[in-house]
Amino acid sequence: MHTQKTLTYILKSMYKKKFRGRFTESTVFLNDFNSKLGIRRNTFFTLMTMLENKKISTYSIIETGCSRSGMKNISGDGASTYLFDAFLDHYNGDLLSIDIDIDAANHINSSTRHATCKCNDSIAELSITKQKIDCLYLDSLDVDFFDPRQSADHALNEFKAIEKQIDSETIICIDDTPKNHNYLPPWIDEPPKEFGKQVKDIAWPTGKGATLIPYLVSAGYRVVKHEYQAILIKP
Ligand SMILES: C[S@@+](CC[C@H](N)C(=O)[O-])C[C@H]1O[C@@H](n2cnc3c(N)ncnc32)[C@H](O)[C@@H]1O
């Protein structure tokens with residue numbers, strides 16, 4: 001019985017591999033994600049395309065900050081965990097997600113097929129992570145675009161904690177890091193406005209990558225695409 005199940009699994013995987021087509025052309029991506037990704041649509045499409053162009057047999061993806069709201073807040077948070085999970089379901093591989101919130105981590109562990117969410121501070125967890133990384137997605141400490149220092153320092157320290165594991169095969173994607181005021185999210189103009197903050201008061205660069213992007217560029221990394229998210233690779 002056990003052997004028959006294993007055989008069925010192997011045959012299904014072989015069938016999937018041979019006839020799967022591209023993830024970015026799949027109904028799962030097009031119906032469940034693409035049209036709902038809002039300000040992240042172009043960059044997530046580029047990221048998924050770059051990943052699938054690698055044509056490797058097993059992907060290893062790491063993200064900091066899991067999809068705490070499930071798929072409910074896809075246009076606000078991005079639903080990265082579920083997007084990566086769907087990508088890995090189409091191809092093959094694992095997602096290591098790191099989140100400091102135990103409820104968010106538990107929810108991910110019970111609602112995804114390829115993600116393991118570790119409940120820890122992302123910098124602490126990344127510093128002990130040894131696996132190869134095809135994609136590093138940084139999206140943990142929530143950002144205040146008017147004062148991004150804490151969040152930006154956190155992203156920089158996340159990267160430094162895992163830097164020795166990064167090679168030219170790793171695609172780095174940083175969330176919530178608009179290139180300029182054209183890529184600010186629509187909710188920036190929403191209340192609360194009582195603090196008197198206006199878009200013109202934002203000092204650039206802002207966002208989670210405000211210090212990390214300059215750090216990477218000065219280390220020779222190339223910016224592949226930068227809108228609300230930034231994608232970089234090490235040449
Ligand atoms: C913006 S949400 C992540 C959204 C998710 N990537 C998505 O696309 O749906 C940020 C998450 O980072 C987590 N977080 C905040 N500080 C953290 C830290 N120091 N280490 C790990 N996770 C942290 C929060 O608990 C929250 O779930």
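Ala, Val, Leu, Ile, Met, Phe, Trp, Tyr, Cys and Pro count as nonpolar here, Asp, Glu, Lys and Arg as charged, and the others, Gly among them, as polar.

First, the ground rules. This is a predicted model: local features need pLDDT of at least 70, side-chain atom pairs count only at pLDDT 80 or more, and totals for chains, interfaces and linings use all residues. Residues are numbered from 1 along each chain as its sequence is written.

Now the ligand. 21 residues surround the ligand, and the closest are Gly65, Ser67, Asp77, Gly78 and Ser80. Near means a C-beta atom, placed from the backbone, within 6 Å of the molecule. The shell holds six nonpolar, eight polar and seven charged residues. α4 and β2 each give at least two residues to that shell. Helices (H or I, at least four residues) and strands (E, at least two) are DSSP runs, numbered from the N terminus.

Next, the sheet. What is the order of its strands? The sheet is open, has seven strands and reads β3-β2-β1-β4-β5-β7-β6, with mixed pairing. Strands pair if DSSP finds at least two bridges between them. β3 and β6 are the edge strands, each pairing on one side only. From one strand to the next, the twist averages 20 degrees.

Look at one end. β2 and β3 run parallel, joined by five bridges. There, isoleucine 98 has lysine 118 in β3 as its bridge partner. α4 packs on the sheet, touching β1, β2, β3 and β4, and its direction makes about 165 degrees with that of β2. Such angles run from 0 to 180 degrees between N-to-C directions, with axes fitted as lines to C-alpha atoms, for helices over the stretch in contact.

At the other end, β6 and β7 form a hairpin with three residues between them. The two run antiparallel, with four bridges. Alanine 230 lies in β7. Is alanine 230 buried or exposed? Buried, because it has 27 C-beta neighbours inside 10 Å. The cut-offs are 20 or more other C-beta atoms within 10 Å for buried, 12 or fewer for exposed, and partly exposed in between, with C-beta atoms placed from the backbone. Beyond four places in sequence, alanine 230 contacts Ile174, Thr177, Gly209, Ile213 and Val223. Contact means C-beta atoms, placed from the backbone, within 7 Å.

Last, helix α5. Its buried residues are Ala104, Ala105 and Ile108. The face turned away from them carries exposed Ile102, Asp103 and Ser110. Cover for the buried residues includes α4, β2 and β3.

Notes:
Two residues are in contact if their C-beta atoms, placed from the backbone, lie within 7 Å.
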